[in-house]
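Here is a short briefing to read alongside the model. Have a look at the structure first, and then we can go through its helix packing and its ligand site.

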Amino acid sequence: MIEIIKKNKLLTAVSLAYVFLFMAMPDKAYLSVKNSMYYIIEMLEIMPVIFILTSIIEAWVPKEVIINGFGEKAGIKGIIFSFLLGSFSAGPIYAAFPICKMLLKKGASIANVVIILSAWAVIKVPMLANEAKFLGPNFMGLRWILTVMSILIISYLMTVFVKKEDIPIGEEKSLSKATGIDIKEQYCIGCGLCEKLMPQHFKVIDKKAKWKESTLNDTQINELKAIIDKCPVKAIDFR
Ligand code: SF4
């Protein structure tokens with residue numbers, strides 16, 4: 001129970017807040033639950049489509065396309081693509097988060113993801129037309145220019161303060177950068193599969209696999225990837 005609470009701190013805090021609110025101000029609590037239900041239903045309607053879209057892009061769009069369009073070296077092209085993607089997107093801002101996570105994972109830069117998120121939030125094209133209609137084209141134009149400038153500054157600052165490693169995107173670690181292999185002996189059952197497939201690197205002693213060397217060429221890295229997948233108890237990791 002304590003473990004579940006630890007894993008869901010935010011949910012626990014919100015639930016407790018609701019309990020206190022129901023005891024202290026039941027009318028406000030009821031209103032709050034009603035509003036929450038509205039947003040939950042809205043999310044349930046939108047998020048499945050976003051997850052399907054994200055999965056399709058993740059599976060079908062090659063990594064190189066994302067790197068070329070939105071990566072560190074995409075330059076002005078990346079900035080323009082990011083503004084266009086954010087400005088022409090539909091849906092609430094929370095729909096942008098899984099898409100941006102997928103883009104980061106596939107090689108988009110932090111700066112371009114910040115541009116996409118910010119443009120998604122504040123410069124939607126249909127909204128610009130509405131803004132011009134109600135507040136005038138000059139107001140809209142000037143606000144748009146200043147907003148774009150602010151987004152560019154924020155995107156630069158984000159790259160200074162945030163590194164990709166700080167973001168939990170589940171990016172695959174590069175095995176070529178591995179300094180060694182970590183074998184969790186407590187899990188190893190000594191089946192000998194790793195030794196059989198890579199005898200020059202693994203040796204099973206007393207029913208526990210041991211790593212013999214730490215440097216690998218590209219072919220060996222691929223062999224190691226296969227062994228990591230095949231290990232029946234997932235005892236092999238890299239660091
Ligand atoms: S394949 Fe996995 S379980 Fe089998 S010996 Fe190697 S590390 Fe241990």
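**Helix 4 and helix 5**

Helix 4 (residues 63-70) packs against helix 5 (residues 75-88) at an angle of about 100 degrees, with the two axes 7 Å apart. Helices here are DSSP runs of H or I with at least four residues, numbered from the N terminus; axes are lines fitted to C-alpha atoms over the stretch in contact, and angles run from 0 to 180 degrees between N-to-C directions. This is a predicted model, where local features need pLDDT of at least 70, side-chain atom pairs count only at pLDDT 80 or more, and totals for chains, interfaces and linings use all residues. Residues are numbered from 1 along each chain as its sequence is written, and side-chain values use heavy atoms, with hydrogens and water left out.

- The angle makes helix 4 roughly perpendicular to helix 5 (65 to 115 degrees).
- Asn-68, Gly-69 and Phe-70 of helix 4 make the contact with Lys-77, Gly-78, Phe-81, Ser-82 and Leu-85 of helix 5 (heavy atoms within 4.5 Å).

**Helix 8 and helix 9**

- Helix 8 (residues 125-135) and helix 9 (residues 137-161) pack at about 135 degrees, their axes 6 Å apart.
- Leu-128, Glu-131, Ala-132 and Leu-135 of helix 8 meet Pro-137, Phe-139, Met-140, Arg-143 and Trp-144 of helix 9.

**Ligand site**

- Around the ligand are Cys-188, Ile-189, Gly-190, Cys-191, Gly-192, Leu-193, Cys-194, Ala-209, Cys-231, Val-233 and Ile-236 (a heavy atom within 4 Å).

Key. Helix = DSSP H or I, 4+ residues; strand = E, 2+ residues; numbered from the N terminus. Parallel < 35°, antiparallel > 145°, perpendicular 65-115°, else oblique.
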